[in-house]
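This report describes a single protein chain. Please examine the sequence and the structure shown below before reading on.

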Amino acid sequence: MWANEASGDPVQLSVDHDAATPPYEQVRAQIADQARSGTLPAGLKLPTVRALAEELGLAANTVARAYRELEADGVVETHGRRGTLIAATGDTAHRLAAAAAADYAERATRLGLGRDEALAAVATALKAVHGG
């Protein structure tokens with residue numbers, strides 16, 4: 001594994017090849033969770049796609065897909081020669097969530113849903129994702 005430059009601690013990622021969850025999603029989720037928790041601090045440089053793929057025993061395209069999805073979610077930023085870095089997720093996550101909420105509100109209105117119906121649909125979706 002590569003090391004967290006700030007602490008010197010090794011970064012732990014693993015892939016369960018027998019799991020129902022696809023490998024790219026396992027990588028994406030682990031990096032996202034560690035970035036949100038601060039285990040992977042903002043500005044930390046991730047390994048190249050090829051290096052991480054080799055380390056985890058995956059195809060380069062699998063890791064590339066995880067990195068693309070992390071970038072789309074605002075968890076990482078790609079800076080050409082500087083590589084892929086953990087982004088400062090707080091502001092980005094809130095900005096992306098607000099944009100998604102605005103898109104949903106517009107679509108729910110076009111579909112003819114009232115405020116209470118639209119909120120109920122969101123509550124149902126959040127329960128499905130977060131449980132409870």
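## A charge over a ring

R65 lies over the face of Y24, 3.7 Å from the ring centre. A charge is taken to sit over a ring if NZ of Lys or CZ of Arg is within 6 Å of the ring centre and within 35 degrees of the ring normal. The side chain of R65 also meets that of E69 in a salt bridge, at 3.1 Å from N to O; the term denotes a side-chain nitrogen of Lys or Arg within 4 Å of a carboxyl oxygen of Asp or Glu. R65 and E69 both belong to helix 3, four residues apart, which is about one turn of the helix. With a relative accessible area of 36%, R65 is partly exposed, and E69 is likewise partly exposed at 25%. These classes are defined as buried under 20% relative accessible area, exposed over 50%, and partly exposed in between (1.4 Å probe, protein chains only).

## Basis of the model

This is a predicted model, in which local features need pLDDT of at least 70 and side-chain atom pairs count only at pLDDT 80 or more, while totals for chains, interfaces and linings use all residues. Residues are numbered from 1 along each chain as its sequence is written, and side-chain values use heavy atoms, with hydrogens and water left out.

## Overall architecture

The chain has five helices and two strands. Their order from the N terminus is α-α-α-β-β-α-α. Helices (H or I, at least four residues) and strands (E, at least two) are DSSP runs, numbered from the N terminus.

Of the 132 residues of the chain, 30% count as buried. The chain exposes about 8500 Å², of which carbon and sulfur atoms supply 53%; accessible areas come from the Shrake-Rupley method with a 1.4 Å probe, and for residues only the protein chains shown count as cover. Among contacts between residues at least 6 apart in sequence, 49% join residues at least 24 apart, where contact means heavy atoms within 4.5 Å.

## Salt bridges

The count of salt bridges comes to four. One of them pairs R28 with D73, the closest N and O atoms being 4.0 Å apart. This pair links distant parts of the chain, since R28 is in helix 1 and D73 is in the loop between helix 3 (60-72) and strand 1 (76-78), 45 residues apart. R28 counts as buried at 14% relative accessibility, whereas D73 counts as partly exposed at 39%.

A further salt bridge joins D33 and R36, with 3.6 Å between the closest N and O atoms. Both residues lie in helix 1, three residues apart, or about one turn of the helix. D33 counts as partly exposed because its relative accessibility is 47%; R36 is exposed because its relative accessible area is 55%.

P23 is found in helix 1 and, at 28% relative accessibility, counts as partly exposed. Leaving aside neighbours within four places in sequence, P23 is in contact with V15, L58 and T62. The C-alpha atoms of P23 and L56 are separated by 9.7 Å, the two residues being 33 apart along the chain.

Q26 also lies in helix 1, which spans residues 23-37. Q26 counts as buried because its relative accessibility is 11%. With neighbours within four places in sequence left aside, Q26 is in contact with S14, V15, D16, A19 and T21.

## Strand 2

T84 lies in strand 2, residues 84-86, and is buried, with a relative accessible area of 11%. Not counting residues up to four places away in sequence, T84 touches L44, K45, L46, Y67, V76, E77 and T78.

## A nonpolar surface patch

Y104, L111, L113, V122 and L126 form a nonpolar patch on the surface, with about 420 Å² of accessible area together. Patches are made of residues with over 30% relative accessible area and no salt bridge; like charges are joined within 9 Å, and nonpolar side chains (Val, Leu, Ile, Met, Phe, Trp, Tyr) within 5 Å. L111 lies in the loop between helix 4 (89-110) and helix 5 (115-130). At 60% relative accessibility, L111 counts as exposed.
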